[in-house]
Amino acid sequence: MTTVGILAIQGDVDAHARALERVGATPRPILQEADLDGLNALILPGGESTTIAKGLDRLDLWDSLRFFVHSGLPMLGTCAGAILLAREVENHPVATLDAIDGVVVRNAYGTQVDSFSAEADPGAARGLEGLPCVFIRAPRWKTLGDGIEILARVGGEPVLIRQGNVLAATFHPELTEDLRVHDLLVRSAG
Amino acid sequence: MSNENGNGGSDARSFEIKVGLAEMMKGGVIMDVTTPDQAKVAEDAGAVAVMALERVPSDIRRDGGVARMCSIEVIEGIQKQCSIPVMAKVRIGHFMEAKILEQLGVDFIDESEVLTPADEAHHVDKTGFRSPFVCGARDLGEALRRIGEGAAMIRTKGEAGSGNIVEAVRHLRQIMGDIRALTVLPSEEIPARAKELCAPVNLVRYVAENGKLPVPNFAAGGIATPADAALCRGLGAEAIFVGSGIFKATDPEKRARAVVQACTHWDDPEQLLGSCRGLGEAMAGIEMETLSESERLSNRGW
């Protein structure tokens, strides 16, 4: 059985847990270093990136998470989670894990009245065609390094990307019934 | 009713996007602020959102008179300061204040009993707005009536500005108890129960089948300490609002951080104890018996 941790400082932890159960994985909330033992993969959920980053300061968890990144185990960050995976945040900076070689812009589409949902553009990676994407005060990648694989775009913008075993979605696959992104994570965890 | 947001969303899709932002606030603390400086304190402490106000509820209570939507300049000043979502309040039933806040790009609108009601019979029809709404409730029927009108988040009313947790506890226990009781009802008894609750039958059926509200369920009204925050979480609230409790305390920075910590670690006594150390004094509280029925803000709305 594949056990997938979900960083549980704040955010839509339940929604990720439900999605994981539906693809046959066991979710585990992560609130301290010991919770990371024996995980097959890790999710950084949606929420507020400042809140989650400050929680990581308080719990002194940054080094453990950086170790997790370097171990090469699969990770998925959605929205706030994707921000925490970035190399750099352009506006309202927060500390990050530098797991994705890119610069991200927070709240890049505007406030909540500009939040929207859309299907992935034609030409998404095989198996991800027509992926429904819900964007909530979403971030946007301003620059991405050469080695990054773009799995899906919306309106031409990269919204689901992969560097090594690390997946980053600027949208919320956990808020839809479409489980393909969670399935991709769990399958890569073997 | 048009709900187009320029991106082709249907009404149902649009509702999911509104509830989505409420989902992102789970496990967090939403703090009342009256200035950009206070908003910075809240954000630095790890708040998931701020509520922009001219006066916190305890001052509204003290000053009396008619309490209205916050001035645009105050909200804009706070929006400029913050990277986290900014909420603001409208009077119950005042759909024009709501239109104005939506135009301002406010992230969440609180149709709030803390302000003086504009309409004693009707709440805002919240389905036609792109901005999501949060509304207060004292029991399941009230919560489902508001969701039926389009609210994307429910919070307990508690008793705002009182510094007394007793009403928030009463409302949380009522809502959670009402939900638990529904889950054991046979299907044919749902419509009669909906009639008793004065709530839409489809929503009553949803709660019976899922054991929870169709939108996130937060606590508000009287939270003054980290222990109060943890108590609400322990009673089933998925996140909390703190109104007067932060900036009416002697050390707002510390108290804000402590309440955030307690909201995350409500189930861990060691972390909770840590959150309670060195806080200074909490806001002064009010005994419920000293408030007449007309002074109780939770009696506003139906």
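Which residues does A:His172 touch, not counting residues up to four places away in sequence? They are A:Asp12, A:Gly46, A:Thr78, A:Cys79, A:Val134, A:Ile136 and B:Met24, where contact means heavy atoms within 4.5 Å.

Quick housekeeping before I go on. This is a predicted model, where local features need pLDDT of at least 70 and side-chain atom pairs count only at pLDDT 80 or more, while totals for chains, interfaces and linings use all residues. Residues are numbered from 1 along each chain as its sequence is written, chains are lettered from A and ligands numbered from 1 in the order in which they are written, and side-chain values use heavy atoms, leaving out hydrogens and water.

Back to A:His172. You'll find A:His172 in the loop between β12 (166-169) and α5 (180-188) of chain A; helices (H or I, at least four residues) and strands (E, at least two) are DSSP runs, numbered from the N terminus. A:His172 counts as buried because its relative accessibility is 0%, and buried means under 20% relative accessible area with a 1.4 Å probe, protein chains only.

Let's zoom out to chain A. Its secondary structure comes to five helices and twelve strands, and 59% of its 190 residues count as buried. Along the principal axes, the C-alpha trace of chain A spans about 40 × 35 × 30 Å. Among contacts in chain A between residues at least 6 apart in sequence, 63% join residues at least 24 apart.

The structure holds four cavities of 30 Å³ or more. A cavity is a set of points on a 1 Å grid over the protein atoms alone where a 1.4 Å probe fits but cannot get out, and lining residues have an atom within 4 Å of a point. Grid points are joined across faces, edges and corners, and a volume is the space filled by probe spheres set on the points.

The largest cavity has about 180 Å³ of space. It is lined by 24 residues, with B:Pro57, B:Ala160, B:Ala220, B:Gly221 and B:Gly243 nearest its centre.

Definitions and conventions: 1 Å grid on protein atoms, 1.4 Å probe; cavity = no way out; pocket = protein on both sides within 12 Å on 5 of 7 lines; lining within 4 Å. Buried < 20%, exposed > 50% of the residue type's maximum accessible area, 1.4 Å probe, protein only.
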